[in-house]
Structures are given as structure tokens and as C-alpha cells.
Amino acid sequence: MNRLTLIQICIFTTVLFFSCKKEDPVDCTGVTPTYTADIAPILNQQCAFSGCHGGSNPSDGIDLSNYADAKAESSNGKVIASIKHSSGAKAMPQGGQKLSDSDIKLIECWVQNGAPQ
């Protein structure tokens, strides 16, 4: 194996390792949000209104205006990645300010706790 090939393999392996590394879960000790009390108000104010992720024609087919749909959409990690403005994710809310760290933590903890209603 020549030196150039070895360098290419090292670079590829390093890039692969760091791009596949998942973020550590947020510490949710003592944080047990529910959809009704904590998550719905955030989603309704920031995401689930007509023209975005609510109404009769939600953007990208993602409806966050009710418990069942919000739970289903949040289970795959894309909602968290979008609200955290993670690399490779579509930053949300689109055209607006990033959610506060406390709101993001509530949503993350809600998902980690099984998305209770």
C-alpha cells in the first residue's frame, strides 16, 4: 500500500467516525415534561400554525399541531436535529430565531421520556 492510499484511508476513517458519532443525550434528571403542559405551547407558538407545521397543508407533510402527530414526528430524531440547527438538518423554525435552550431541552427530555401526553 502506498503512502497516499494510507493517508486517504486515514482521512476517510476519521471523517466517517466523526460524522456518525451521535450526540450525548441531554441530562433529563428531574425534567419530565408532558405534551399538554409543556410541549404543545412551544410547538403551537413556534411551529404548528397555518403555513408551517399545522393547518390543512402542513409544510413538508410534517404536522406538529396535535399530540399523535407530534409524537410520531419527533420519534425519528429529525425534529430535534432541526430545532438544534444540527449539521445536515433543515434549521427550524425556518426564517425565525432558534428556540431557546430551555425549550429545546424540554422537547429533548419529552422525547427521551417516551413523549408522554
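Within the largest nonpolar core, which has 17 residues, Tyr-35, Leu-43, Ile-107 and Trp-110 touch the most other members. Such a core is a set of buried Ala, Val, Leu, Ile, Met, Phe, Trp, Tyr and Cys residues joined through side-chain atoms within 4.5 Å. At least two residues of this core come from each of α2, α3 (67-74), α4 (78-83) and α5, and α2 provides the largest share, five residues. Helices here are DSSP runs (H or I, at least four residues), numbered from the N terminus.

The model is predicted: local features need pLDDT of at least 70, side-chain atom pairs count only at pLDDT 80 or more, and totals for chains, interfaces and linings use all residues. Residues are numbered from 1 along each chain as its sequence is written, and side-chain values use heavy atoms, with hydrogens and water left out.

Tyr-35 lies in helix α2 (residues 35-46). Because its relative accessible area is 7%, Tyr-35 is buried (under 20%; exposed is over 50%, partly exposed in between; 1.4 Å probe, protein chains only). The side chain of Tyr-35 reaches the backbone nitrogen of Tyr-67 at 3.4 Å. Tyr-35 and Val-111 are separated by 76 residues in sequence, yet their C-alpha atoms are 9.8 Å apart.

Beyond neighbours within four places in sequence, Ile-107 is in contact (heavy atoms within 4.5 Å) with Ile-39, Ile-42, Ile-80, Ile-83 and Leu-99.

Glu-108 lies in helix α5 (residues 101-112). Glu-108 counts as buried because its relative accessibility is 12%.

Terms used: Polar contact = N/O pair within 3.5 Å; in protein donor to acceptor, adjacent residues only side chain to side chain.
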